[in-house]
Each structure stands twice: as C-alpha cells, then as structure tokens.
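Here are my notes for you to read beside the model. Take the points in order and find each place on screen.

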Amino acid sequence: MSFDFDAVVDRSGSDSVKWAKYAGRDVIPLWVADMDFAAPPAVIAALHSRIDRGVFGYNQPTASQVEAVVAYLERKFHWRIDPEWIVWLPGLVSGLNVACRAVGAPGDAVFTATPIYPPFLSAPIDSGRRVASAPLVRDSAGWLWDFPAVDAVLRSSRARLFLLCHPHNPTGRAWHADELWQIAALAEKHDLVVCSDEIHNGLVLSPQRQHQLFATLAPELAARTITLLAPSKTFNIPGLGCAFAVISDARLRQDFRQAMHGIVPHVNALGMVATEAALTLCDDWHAALLDYLRGNLRLVERAVAALPGLDMRPVEATYLAWIDAREFAADRGVANPARWLEQHGLGLSDGADFGAPGFVRLNFGTRRALLEEALARLRQASA
C-alpha cells in the first residue's frame, strides 16, 4: 500500500494548538511536536468502527488491547513483559509528573540533562522536588553526555530520580548501548530510579540503528526503571490521549499507582482503540513515514549547512531539528532568534524553554512543499 504524505491537510481554523498559535498571521508553524500528516488509515478505520457502536460508557482495557502492547514490545524490542506491569496513562507528560511524585519525598532532587523537553524541568517543581541538572556537550559528531559532570551532580544533589529522554528531545540523539550502560552504572552507584521517556522509540531515522529500551539492558535495571511509552508521536495521534508505563518492580509500581490515585483519569475508549490499531496494523505506514522523514531531514540539513551562523548536529531520531542560532543572533544583534524568525514568517520552538537560550527547534514532520517554503523563509531571515 502507498501512503501520500504530500497530501494537503488543512489544519488552519481547526482545534489544532500548533496552527492556532499563529492564526491570522502569515507564519508557518513548525514548533510543537505534532506532525501534519493524517493518522494511519488502519487507525482511522478502527476509530470509525468503534464510533459506529454508538455507546461511550466507562471503559477498561480489553484483553486484545493489553496483548497489543505485550506483543509490540516483544516483536520490536525482544522484551517479554507481564501484562501486570502495564499502567495505563492519559498522556506521557502525566507519567513524568506521577514519577516525580512516586519516587522520594518533597524536597528531594530529580536529575535531568539539558537541553531537555520542558516538562522534564517543570514536573519536578510541580511535584515539590528540586531540579538537578548537567548540560549535554557537543563534539563534531553530535551531542554527548558529560558523565563525570553527571556523576558529580548526582553525588552533590543526592537525587532520587533520573529523568531520561531516549531518544532525546530536542537534540535528536538515539543513545547508544554504551551510553545507556554508563547511565545504568550511575543509577546503581547512586541508587536511583530511572524514569525513561521513550515516546520517540519508533522514530529512529538511521536505517542501521534499532532502538533499545533502557529497561531491557538487564532485569536488575528494569527493577529500578519506569518506562514511559505511547503511540502518539510515531503514529501522530497525540490528541487521543493514550500512553502507558511499564514497571516490573511490584513496589515501584504500587508507589506509582498510589501517586496517580484520585488525580489521573483513565484512558478514553477511542485512545485505547487507536493504540491497539497503531501497534498491530500499521507497520507499512510506519516504514513509509520513516522514509519520508529521512527525505525531509536531508532538506533541513542542507539548508542549515548553507546558512552562516546556524549549526545543527546529526539527527538520529525524532522529526525535530535542534539548531544553534547563537552565532547568527550575535552577528545580527538579535536578542531572541525564535522571535526574529516569527517576524519572518517561521514559527519554531524557543530553545530557552528547553534550558538553552539561542537555540531553536524545527519540526520537519510536515508535507515537503510546506517544509520547502519554511526553509525558504529561513534563508530569507538569514540574508
């Protein structure tokens, strides 16, 4: 089956957060991590079938929905889990917040590395915890961990929880096994629980790479890990609100559920139906999507490489380009690159929200013609 990712899906004037931000303005929105493609046909068909039943009472996970998760994790990552390990969530961000409440006590530190997806910085604060962080570093090949610095921060802060983003948003790194093992060693050394956000697991763009779930390194590491997963990014269904945690340790799972109690609602019926279809019926669509995103990435790489003052390192995963615009801003006396680009018709995410002022994040998960127009505007803004 062929899939048309070049099809125009008009999201202006709809309920889209991404497009409403610049309503009435000539600004192309490439900011929030939300692709402009229609959901996979199999997901749409499954939703139609469920809606046709006409009844939307309280729902619970069905046996086939649970089995879809179990089979997907075994098929894709060779991880055979017990269905009891699954904790359903209405979104991955709620899982980050629950993890911060479930581990340690108020006033404890939660570690993460910057730059990072903004909820990693807000969830600890909202949970009465402190943020402890160390910056990722760059070399000519890309973004890397400074493990001695991480070790020092973990030691001084006495953190209880390590928030890991894998693959990484916003840098696009797909962490290698040796990097994951070094994180594992630090988790054991400092007796940390690791909450691993792996929502972009299906968006590894390097054809020779395969995502490895952190918890699959070893059973003893799985016992100290909360793995957060969702089909929302890979299959472009974030508005349907379905995610899940996989927690093998019974005590940690109990603490996580207790932190959810009375606050976190159950997952809606349509989100559950869409998740089952995405995980079981959409392999062909997924493969075509990755091919299309690779083509889009090549366009972005070439455009950024040709512009003075802009720099980006290789993107291994996600549909997000993390662009260093600090030299560009300094050369032109621009205080805020994201705001400058907005004034030139291009809406990107501001790196300051990720703990990295002077950077911008570009979402290339859109139809190619629109991306080409956006890159033309980037060139004009840089002229």
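Is the crossing of α4 and α9 left-handed or right-handed? Keep that in mind for the first point. One caution before starting: this is a predicted model.

1. **The crossing of α4 and α9.** The crossing is right-handed. In general, a packed pair of helices is described by the angle and the distance between the two axes. Here α4 covers residues 92–102 and α9 covers residues 250–260. Their axes come within 8 Å and cross at roughly 110°. Angles of 65 to 115 degrees count as roughly perpendicular, so α4 is roughly perpendicular to α9.

2. **What meets at that crossing.** From α4 come Gly95, Val98, Ala99, Arg101 and Ala102. They meet Asp255, Phe256, Ala259 and Met260 of α9. Sorted by class, the contact has six nonpolar residues, one polar and two charged.

3. **Alanine 102.** Look for this residue in helix α4. Is alanine 102 buried or exposed? Its relative accessible area is 11%, so alanine 102 is buried; the cut-off for buried is under 20%. Leaving out residues up to four places away in sequence, alanine 102 touches Asp255, Phe256 and Ala259. Histidine 286 is 184 residues apart from alanine 102, and their C-alpha atoms are separated by 34 Å.

4. **The largest nonpolar core.** How many residues does the largest nonpolar core have? It has 73. Those with the most contacts inside it are Val43, Leu73, Trp88, Leu293, Val300, Leu362 and Phe364. Helix α11, residues 283–305, gives the largest share of this core, with ten residues. There is also a second, separate core of 31 residues. Among its members are Ala134, Trp145, Ala159 and Phe354.

5. **Valine 43.** Set aside its neighbours within four places in sequence. Valine 43 is then in contact with Ile237, Ala274, Ala277, Ala278 and Cys282. Pick these out on the model one by one.

6. **Phenylalanine 3.** This residue sits in the segment before α1 (17–20). Which residues does phenylalanine 3 contact, beyond its neighbours within four places in sequence? They are Pro41, Asp284, Trp285 and Ala288. Methionine 312 lies 309 residues apart from phenylalanine 3 along the chain, with 30 Å separating the two C-alpha atoms.

7. **Two cis peptide bonds.** Most peptide bonds are trans, and most residues other than glycine have a negative phi. Check the exceptions. The bond from threonine 114 to proline 115 is cis, with omega near 0°. Proline 115 lies in the loop between β3 (109–114) and α5 (119–126). The bond from histidine 166 to proline 167 is also cis, with omega near -5°. Proline 167 is in the loop between β7 (161–165) and α7 (177–189).

8. **Two positive phi values.** Aspartate 191 has phi near 55°, a positive value in a residue other than glycine. Find aspartate 191 in the loop between α7 and β8 (193–197). Asparagine 236 also has a positive phi, near 55°. Asparagine 236 is in the loop between β9 (225–229) and β10 (243–246). Now check their surroundings. Aspartate 191 has 54% relative accessibility, so it counts as exposed. Asparagine 236 is buried, because its relative accessible area is 11%.

Technical notes. Residues numbered from 1 in each chain as written. Predicted model: local features only at pLDDT ≥ 70, side-chain atom pairs only at ≥ 80, totals over all residues. Heavy atoms only, no water. Core = buried A, V, L, I, M, F, W, Y, C linked by side-chain atoms within 4.5 Å. Buried < 20%, exposed > 50% of the residue type's maximum accessible area, 1.4 Å probe, protein only. Helix = DSSP H or I, 4+ residues; strand = E, 2+ residues; numbered from the N terminus. Contact = heavy atoms within 4.5 Å. Axes fitted to C-alpha atoms, helices over the stretch in contact; angles between N-to-C directions. Parallel < 35°, antiparallel > 145°, perpendicular 65-115°, else oblique. Left-handed = near helix turned anticlockwise from the far one by under 90°. Nonpolar A, V, L, I, M, F, W, Y, C, P; charged D, E, K, R; others polar.
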